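The exercises below are meant to be worked through with the sequence and the coordinates open side by side. Each one sets a task and is followed by a solution in steps.

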Amino acid sequence: MPNRVFFGYNIAKDFVIEIIRIDQSYGTYFFMKGNRDIINVGIIGLGYWGPHYVRIFSQMHHTRVELCSDINTERLEHIKNLFPGIQVAANVNEVINCDAVDAVVIATPATSHYPLAREALESGKDVLVEKPMVIDTASGAELVSMAKSHKRVLMVGHTFLFNPGIIRMKEVLDSGEAGEIYYLHSTRTNLGRIREDVNALWDLAPHDVSIFSYLLGTMPEAVCANGACFLKEGREDVVFLTLYYPHGKIGNVHVSWIDSNKVRKVVVIGSRQRISFDDLDPLERVKIFEKGAEIKGRSEGDFGKFQLLLRDGDIYSPKVEPIEPLMAMCSHFVDCVSERNNPKTDGKHGLEVVAVLDAAQKSLSQNGKRVEVPSLSF
Ligand SMILES: NC(=O)c1ccc[n+]([C@@H]2O[C@H](COP(=O)([O-])OP(=O)(O)OC[C@H]3O[C@@H](n4cnc5c(N)ncnc54)[C@H](O)[C@@H]3O)[C@@H](O)[C@H]2O)c1
């Protein structure tokens, strides 16, 4: 929502300015919002990620954290210590059925997303559910259709589509400067966090599948996935996923939670440029290498021969605004709730990602066999 984010000087009379210190890597920015009703948010799941939502929704103007819940009472205590003014409840139904709550945020493990989101939608709440939206395509389709019939906002926490570095990459690709996109690859490795309910594919690859679809503007037609289970039988710790997109473009994703080298990189190889995104490099998050290889058509009078052009130019790092992606995502959610708009990462986007992961899971269980991604109708 670039029309709502300003930097410092653009102060209009009827607006409220909020200055937020985000964190070390994203710095400070000015955030401006128009006059509107307060949106009361209920947050379910207060483990590692949920408290970030509590922090953000309690800092933003026009939102209030009405009630938080977790099945673990230690996490409730933790939130009470951090945010003494915030009400907590051990029973999630108190959040879902609370008349004062307008919107529910679900930051629980992936396997619980579907029942919680369904109940929240049924109870008339707008919903922001963490990634992956659900862990099977049929449940995802049901949530999308419920949100539509109940006229509720359904948004999925695909945070990277709000990351200014990824948005910058998309702008470069859309400008055509990178030339023809040949392929993409990403690496998302670290030691932990090891999930109990899903494998590394469902935990980590939703980010990459979502990013690739956003950058290419299309979903893959088919996938192949290979992986291995080192820590627990039946739950892959490392996965290599290949995605086949229309017009011969391919993507490759490497995810692992048993690799001590923390990497968060996405690279696009175009005919004229290589563009890299490194989320762990706050100074040069995006780098553009004006280097590439392309075929310039057949040479005159030399039928059958191609003219190969190797470009070897500058390397530079464009400016990327220091905006915390989760903050940008939450404010987009609030805008969508206030204005009854469809989010950038709506249920449909979340469902497309789930359909790709579903196909990848089938491929994993068939030793990397190519599996078609079903086309979804909405
Ligand atoms: N978008 C991102 O960048 C990002 C980053 C981290 C995590 N996540 C997602 O956020 C979700 C939570 O991840 P996490 O790392 O905080 O996990 P976590 O295990 O640290 O926390 C989950 C919390 O949910 C609670 N919980 C479990 N089942 C519940 C239920 N039915 N009702 C209420 N509470 C319940 C647990 O007690 C725990 O406190 C996952 O879906 C994860 O993929 C997204």
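Predicted model: local features only at pLDDT ≥ 70, side-chain atom pairs only at ≥ 80, totals over all residues.

**Exercise 1. Which peptide bonds to Pro-132 and Arg-193 are found, cis or trans?**

Solution. First, Lys-131 and Pro-132 are joined by a cis peptide bond with omega of about -15 degrees, and Pro-132 sits in the loop between β7 (126-130) and α5. Second, the bond from Gly-192 to Arg-193 is also cis, with omega near -20 degrees, and Arg-193 is placed in the loop between β9 (181-191) and α7.

**Exercise 2. Describe how α1 packs with α8.**

Solution. Start with the geometry: the axes of α1 and helix α8 (residues 325-339) come within 10 Å and cross at roughly 60 degrees; axes are lines fitted to C-alpha atoms, for helices over the stretch in contact, and angles run from 0 to 180 degrees between N-to-C directions. α1 is therefore oblique to α8, given that angles under 35 degrees count as roughly parallel, over 145 as roughly antiparallel, 65 to 115 as roughly perpendicular and the rest as oblique. Then list the contact, in which His-52, Ile-56 and Phe-57 of α1 meet Leu-326, Met-327 and Cys-330 of α8; two residues are in contact if their C-beta atoms, placed from the backbone, lie within 7 Å. By class, this contact of α1 with α8 has five nonpolar, one polar and no charged residues, with Ala, Val, Leu, Ile, Met, Phe, Trp, Tyr, Cys and Pro counted as nonpolar, Asp, Glu, Lys and Arg as charged, and the others, Gly among them, as polar.

**Exercise 3. Describe how α4 packs with α5.**

Solution. Helix α4 (residues 113-122) and helix α5 (residues 137-149) pack at about 15 degrees, with axes 10 Å apart, and α4 and α5 are therefore roughly parallel to each other. On the α4 side the contact is formed by Tyr-114, Ala-117, Arg-118 and Leu-121, and on the α5 side by Ser-139, Leu-143, Met-146 and Ala-147. Sorted by class, the residues of this contact of α4 with α5 are six nonpolar, one polar and one charged.

**Exercise 4. Which residues come nearest to the ligand, and how is its shell made up by class?**

Solution. There are 23 residues around the ligand, and Gly-45, Gly-47, Tyr-48, Trp-49 and Glu-130 come nearest; a residue is near a molecule if its C-beta atom, placed from the backbone, lies within 6 Å of it. The shell divides into nine nonpolar, nine polar and five charged residues.

**Exercise 5. Where does pLDDT stay under 50?**

Solution. Take the whole protein first: its mean pLDDT (the predictor's confidence in each residue, from 0 to 100) is 90, and 88% of its residues reach 70 or more. The stretch asked for is residues 1-34, for which the model has 49 contacts beyond four places in sequence.

Methods
Residues numbered from 1 in each chain as written. Helix = DSSP H or I, 4+ residues; strand = E, 2+ residues; numbered from the N terminus.
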